[in-house]
Amino acid sequence: MRPRGKTPDRTNGNTNGDTSDHTPGGTSVATDPKRFIADFFTSFTEDLLRSDEDAALIVDRYHTPDIVEIADGHRMDRDKLVAHTRPVRKNRPTIRVEVHDAVAEADRIAARYTLHSSQRGKNLAVEVYFFGRFAPDGRMRQAHMATRIVPAADGPERAQAPS
């Protein structure tokens with residue numbers, strides 16, 4: 001994980017210029033897809049909530065300009081994704097991503113995870129079936145997600161690393 005408050009480093013820390021398939025924290029898609037997907041969504045949300053920086057700049061750090069996300073049949077391009085960040089910032093949820101399964105091949109990741117969220121005293125758990133493609137620098141290029149609400153046993157405050 002990268003230190004809080006730092007601009008995401010899209011490399012793995014090597015000085016040889018290798019920027020392939022890494023999250024902002026440096027986790028590789030190929031070597032640890034569970035950690036990659038958890039770090040991606042956690043870091044993106046934390047960066048949105050931690051600063052007053054223009055949301056479009058944060059979206060651009062984590063997504064390619066041609067990003068297309070389709071969640072439960074609803075298509076979001078870059079502009080819609082930027083607009084989607086406004087309620088996230090307004091509601092200021094606490095989140096935890098619990099990755100159950102993840103596999104990677106080249107630039108693709110398939111994952112099943114639960115997004116635990118808490119805001120205004122309400123806990124929510126959403127199971128997500130994720131199929132995505134990432135650019136060599138770790139930014140999301142494409143995502144297809146199917147979601148369903150599951151019983152929220154607890155809030156996101158319970159610390160649990162992906163296994």
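A: In the classes used here, Ala, Val, Leu, Ile, Met, Phe, Trp, Tyr, Cys and Pro are nonpolar, Asp, Glu, Lys and Arg are charged, and the others, Gly among them, are polar. By these classes, the lining of the largest pocket holds 17 nonpolar, eleven polar and three charged residues. The model is predicted, so that local features are reported at pLDDT of at least 70 and side-chain atom pairs at pLDDT 80 or more, while totals for chains, interfaces and linings use all residues. Residues are numbered from 1 along each chain as its sequence is written, and side-chain values rest on heavy atoms, with hydrogens and water left out.

A pocket is an open set of points on a 1 Å grid over the protein atoms alone, where a 1.4 Å probe fits and protein lies on both sides within 12 Å along at least five of seven lines, and a lining residue has an atom within 4 Å of a point; the volume is the space filled by probe spheres set on the points, which are joined across faces, edges and corners. Among the 31 lining residues, Phe41, Thr45, His84, Val88 and Leu115 are the closest to the centre of the largest pocket. Two or more lining residues come from each of α1 (33–50), β1 (63–71), β2 (74–76), α3 (78–91), β3 (94–105), β4 (108–119), β5 (122–134) and β6 (140–150), and α3 gives the most, with six residues.

These elements (DSSP runs numbered from the N terminus, helices being H or I of at least four residues and strands E of at least two) belong to a chain with three helices and six strands. Along the sequence they follow the pattern α-α-β-β-α-β-β-β-β. Of the 163 residues in the chain, 42% are buried, where buried stands for under 20% relative accessible area, exposed for over 50% and partly exposed for values in between (1.4 Å probe, protein chains only).

Helix α3 has 14 residues and reaches 21 Å from its first C-alpha to its last, close to the 20 Å expected at 1.5 Å a residue, the expected span being 1.5 Å times one less than the number of residues. Leu81, Val82 and Thr85 of α3 are buried. They cover an arc of only 100 degrees around the axis, which places them on the same side of α3; the arc is that of the directions from the helix axis to the C-beta atoms. On the other side of α3, Asp79, Arg86 and Lys90 are exposed.

Helix α1, which also contributes to the lining, has 18 residues and spans 25 Å from its first C-alpha to its last, close to the 26 Å expected at 1.5 Å a residue. Because 15 of the 18 residues of α1 are buried, this helix is largely enclosed by the rest of the structure.

Rings of Phe, Tyr and Trp (its six-membered ring) pair if their centres lie within 6.5 Å, and planes under 30 degrees apart are stacked, over 60 edge-to-face and the rest tilted. By this rule there are eight aromatic pairs. In one of them, the ring centres of Phe41 and Phe130 are 5.8 Å apart and the planes stand at 85 degrees, so the pair is edge-to-face. Since Phe41 belongs to helix α1 and Phe130 to strand β5, this pair ties together parts that are 89 residues apart in sequence. Phe41 counts as buried at 14% relative accessibility, and Phe130 is buried at 0%. The rings of Phe44 and Tyr62, with centres 5.2 Å apart and planes at 55 degrees, form a tilted pair. Phe44 lies in helix α1 and Tyr62 in helix α2 (residues 55–62), so parts 18 residues apart in sequence are tied together here. Phe44 is buried, with a relative accessible area of 10%, as is Tyr62, with 0%. Ring pairs link Phe36, Phe40, Phe41, Phe44, Tyr62, Tyr113, Phe130 and Phe134 into a cluster.

Asp72, in the loop between β1 and β2, has a phi near 50 degrees, a positive value in a residue other than glycine, and is partly exposed at 41% relative accessible area. Arg120, in the loop between β4 and β5, has a phi near 55 degrees, again positive in a residue other than glycine, and is exposed at 65%.
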